[in-house]
Amino acid sequence: MPRKYPLNKVRNIGIMAHIDAGKTTTTERILYYTGKTYKVGEVNDGSAEMDWMIQERERGITITSAATQCEWEGYCFNIIDTPGHVDFTIEVERSIRVLDGAIALFCAVGGVEPQSETVWRQADRYHVPRIAFVNKMDRIGADLFGAAKMMVERLHARPVLVQIPIGIEEKFTGVVDLVERCAYIWSGEDQGDYGATFDKVPIPRTLLSTAAKYREKLIETIAEYDDLFMEKYVSGVEVTAQEIKAVLRKATLKALVTPVLCGSAFRNKGVQPLLDAVIDYLPAPSDLPPIVGQNTETGESVTRAPDDGATFSALAFKVISDPHVGKLTYIRVYSGHCEEGAFMYNPGRDRNERLNRLLLMHANQRTQVEEIFTGDIVAVVGIKETKTGDTICDPDHPILIEPMIFPEPVISIAIEPRTKADEDKLSTSLSRLVDEDPTFRVMMDQETGQTIISGMGELHLDIIVDRLRREFNVEANVGKPQVAYRETIEEKVEAEGRFVKQSGGHGQYGHVWLRIEPMEPGFGFEFANQAKGGVIPNEYIPAVEKGVIEAMLTGVLAGYPMVDLCVTLFNGSFHPVDSSDLAFKIAGSMALREGARKGRPYLLEPIMSLEVVIPSANLGDVIGNLQQRRAKIEEIKIRNDLQILQADVPLSEMFGYATDLRSITQGRGTHTMQFSHYARVSNEVQEHICGKII
Ligand code: GDP
C-alpha cells in the first residue's frame with residue numbers, strides 16, 4: 001500500500017503558547033476548518049476536543065500531549081499537543097523533540113508572557129522552526145506591532161510581519177496579506193457562526209501606505225538570506241509572491257526568522273491563512289537532516305535519512321494507558337516504513353516488540369492503518385516494554401536515537417489505599433502511570449512499608465492522585481509532601497570494608513578499600529576498579545559495585561540518596577574458599593558507609609526557579625514573603641503595570657505559596673515554578689532536617 005501523502009506534503013507541528021493565549025481555541029478552529037470535527041468545541045464550556053482528560057477540563061489546562069491528524073489543501077498535518085503549564089515542561093520537551101515546526105501563539109494584549117520565554121528557549125535548543133500567530137486581535141488593547149517588538153526584546157527573535165490587521169479590537173475584521181498584496185475580510189463573525197467565511201479583496205485604501213511600508217520591511221529583512229533576491233531588491237526589480245515565500249521559507253527553516261501572522265481564533269478570523277502559512281513556511285520531514293543515533297552493536301554513530309526506503313527507525317514519545325485498548329504508545333517514524341503486526345527492536349532495552357495495531361489518532365477518535373511511513377505520527381497497540389524516549393527500529397539495523405533526558409523528581413508524598421479493595425488496584429494503577437510518565441516514580445519505603453510517589457511538583461502529584469481516583473477508581477489517602485533531599489560528601493576519603501565471618505562451617509570473606517571523591521553537582525555516580533591484578537578476583541568486582549550502589553540509596557546523614565560521587569576500588573583481599581559475591585557486596589556497602597561518615601557529609605536540596613507576576617502595589621509584600629522563604633531574588637522587571645519577579649527558592653519553603661500569593665495580591669498574582677538545580681543547605685537547615693528525621 002503506497003503512502004497517502006507524499007513526504008513533502010506532511011507537516012508535523014505543535015502549538016506552543018502561554019496558558020490562556022488561546023491554544024485550545026485555535027486548535028479547535030484548525031480541526032474545524034480542516035474538516036475533522038463538525039461541531040466546534042468551546043473551551044469555555046469545557047467540551048474542547050483536544051483537552052480530553054477530565055482534569056484538564058476542570059483546570060482548564062492541557063497536560064498530556066495528544067497527537068491529532070488532519071488535512072489542509074492536500075497536506076497532512078499532525079498536530080502534537082504541547083502543554084502550557086511549566087510544571088509539565090517535560091511534556092513540552094518531549095513533544096518538541098518529535099515535531100518539526102511550531103506555531104508560537106501569543107496573545108495580542110499580553111504579548112510575550114514569561115512562560116512563552118521558557119518554551120521559546122526550549123524550541124531554540126532543538127532548532128525548531130517557528131511561525132508566530134498573534135491571537136486575540138479583537139481584544140481591547142490588542143497590539144500586533146507591540147507583540148512583535150516584544151519578540152525581539154524578550155526572545156531575541158527576528159519577527160517578520162507577513163500580515164497587518166484590518167481594524168483592531170472589536171473592529172478587527174481581517175488582515176492584509178503583505179506577500180500576496182491582498183486582503184482577507186471575514187464575515188459571519190458571530191461567535192456562534194463557526195463557518196465564518198472570508199473573501200479575498202483588494203487592500204483597503206486607508207491601509208495602502210502602511211501595507212507598502214511593512215512589505216518593504218519584509219522584503220528588506222529576508223533579502224539578507226538570499227543573494228539573488230538581494231540583487232533583485234537593490235536593483236529595484238519587482239519580486240513575486242512566490243519568490244518572497246521561497247526565501248522566507250528558507251530562512252524560517254533555518255530558524256533565522258519568524259513569520260508573524262495575526263487573527264482572532266475565537267472570532268474565527270485568521271485561522272485559514274495560518275494553515276496556509278504552515279504549508280508555506282514550516283518544514284516537511286524531508287526538509288530535515290538525517291536523524292543521528294548509535295549502532296548498538298558496533299557503537300558507531302549512524303544516521304537514517306527521512307526516506308521510506310531507509311531502514312525503520314522511530315522514537316516513542318508518549319505512553320498512555322487507554323481504558324479500551326490497554327497501552328497506547330505514540331511514536332514518530334524517522335525513517336523507513338513498517339506494517340501492522342511487524343516485529344521491531346528496542347535497542348535501549350534489548351527487547352523485541354510487536355506492533356500489533358497502528359492507529360491514527362484524532363483526540364479520542366481513531367482509525368486503524370495497515371502501514372506507517374517516514375514522518376508519520378501514530379499510536380501503536382501491542383508494545384510492551386518500550387517507554388517514553390525509547391527508540392524502536394529494524395532488528396537487523398539497530399540504531400539508538402539520542403534519548404531524552406528526564407530530570408529526577410524533587411517532591412514525594414506517601415500514599416495509601418483507603419480500603420482493602422483499593423490495595424491491589426493501587427499498585428497496578430501506579431505502575432501504569434509510571435509507564436506513561438518518566439518523571440513520575442513509585443517506591444516502597446523499606447522502613448515504614450509505605451508507598452511513596454515522587455514527581456516534579458505539587459501540582460504534578462495532585463493530578464496523579466486525581467487520575468487514580470477518576471480513571472482507575474482507586475481511592476487513596478496521601479501524606480504531606482516531602483522534599484527529595486540528596487546527600488553527598490565534602491572531602492575525598494579512603495575507607496575500608498571488611499566482612500569476615502569464620503566461625504565453623506562455610507565462612508564469609510570480603511574485604512575492600514575504596515577511594516570516594518566528591519564530584520561536581522549533576523555528576524551522578526561513577527565506579528572504577530584500580531585494584532591491582534589478583535588482589536580481588538575479577539568475578540567479585542561487580543558485586544562490590546552493587547554493594548556501593550545499594551549503600552548510596554540511603555545516605556548516612558538522614559537516609560536520603562547519595563549523589564555526585566566517584567568511587568574507586570583500589571585494594572582489598574579475598575579468601576579462596578570463603579569469599580563470595582554476597583560477602584563482597586556487603587564489604588562494598590560497609591566501605592561506602594564508612595567513607596561517607598568520614599567525608600563530612602552534607603545535604604543538598606532542590607532549588608526551584610520561580611517567576612511571580614504581580615501588580616506593582618504588591619511588590620513589597622511579595623518580596624517580604626519570599627524572603628521569609630529563603631528566596632534569592634534574581635531580577636525584577638516591569639511590564640506594563642505589572643512587576644515580574646524572578647527568584648531562586650528552595651522547594652521546601654514553597655508549600656502553600658499559592659495561597660499566600662493569592663491573599664497578598666487579592667488573587668491578581670500568578671506564579672510559575674520549575675526545578676532548577678540542587679544546592680547545599682545551610683548548617684542550620686541541615687540540623688533541623690536531620691533532627692526531624694531522627
Ligand atoms: P489555552 O489556555 O492557550 O488553551 O487558551 P484557550 O483556548 O483555553 O483560551 C483561553 C481563553 O481565551 C478562553 O476563554 C477563550 O475563549 C479566550 N480566547 C481564545 N482566543 C480568543 C480570541 O481570539 N479572542 C478573544 N477575545 N478571546 C479568545
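Reader: What is the strand order of the open sheet of 7 strands?
Author: This is a predicted model. The sheet has mixed pairing. Its edge strands are β2 (67-72) and β6, each of which pairs on one side only, and the twist averages 30° from one strand to the next. The order is β2-β3-β1-β4-β5-β11-β6.

Reader: Which residue of β11 is the bridge partner of F133?
Author: Strand β5 (residues 130-135) pairs with β11 in the parallel sense, over 3 bridges. In β11, the bridge partner of F133 is L261.

Reader: Which residue of β11 does V160 stand opposite?
Author: Strand β6 (residues 159-161) pairs with β11 in the parallel sense over 3 bridges. P159 has T258 as its bridge partner in β11. V160 stands opposite P259.

Reader: Why is strand β11 described as largely enclosed by the rest of the structure?
Author: T258, V260 and C262 point one way from β11, while P259 and L261 point the other way, and all are buried. Buried means under 20% relative accessible area. Strand β11 (residues 258-262) is therefore largely enclosed by the rest of the structure, the number of buried residues being 5 of the 5.

Reader: Where is D578 placed, and which side chain of opposite charge is nearest to D578?
Author: D578 lies in the loop between β34 (565-573) and α13 (581-598). Not counting residues up to four places away in sequence, D578 touches Q502, H506, G507, Q508 and Y509. D578 is buried yet has no salt bridge. At 10 Å, the nearest side chain of opposite charge is R498.

Terms used. Residues are numbered from 1 along each chain as its sequence is written. This is a predicted model: local features need pLDDT of at least 70, side-chain atom pairs count only at pLDDT 80 or more; totals for chains, interfaces and linings use all residues. Side-chain values use heavy atoms; hydrogens and water are left out. Helices (H or I, at least four residues) and strands (E, at least two) are DSSP runs, numbered from the N terminus. Buried means under 20% relative accessible area, exposed over 50%, partly exposed in between (1.4 Å probe, protein chains only). Lys and Arg count as positive and Asp and Glu as negative; His and the chain ends are not counted. A salt bridge is a side-chain nitrogen of Lys or Arg within 4 Å of a carboxyl oxygen of Asp or Glu. Contact means heavy atoms within 4.5 Å. Two strands pair if DSSP finds at least two bridges between them. Axes are lines fitted to C-alpha atoms, for helices over the stretch in contact, and angles run from 0 to 180 degrees between N-to-C directions.
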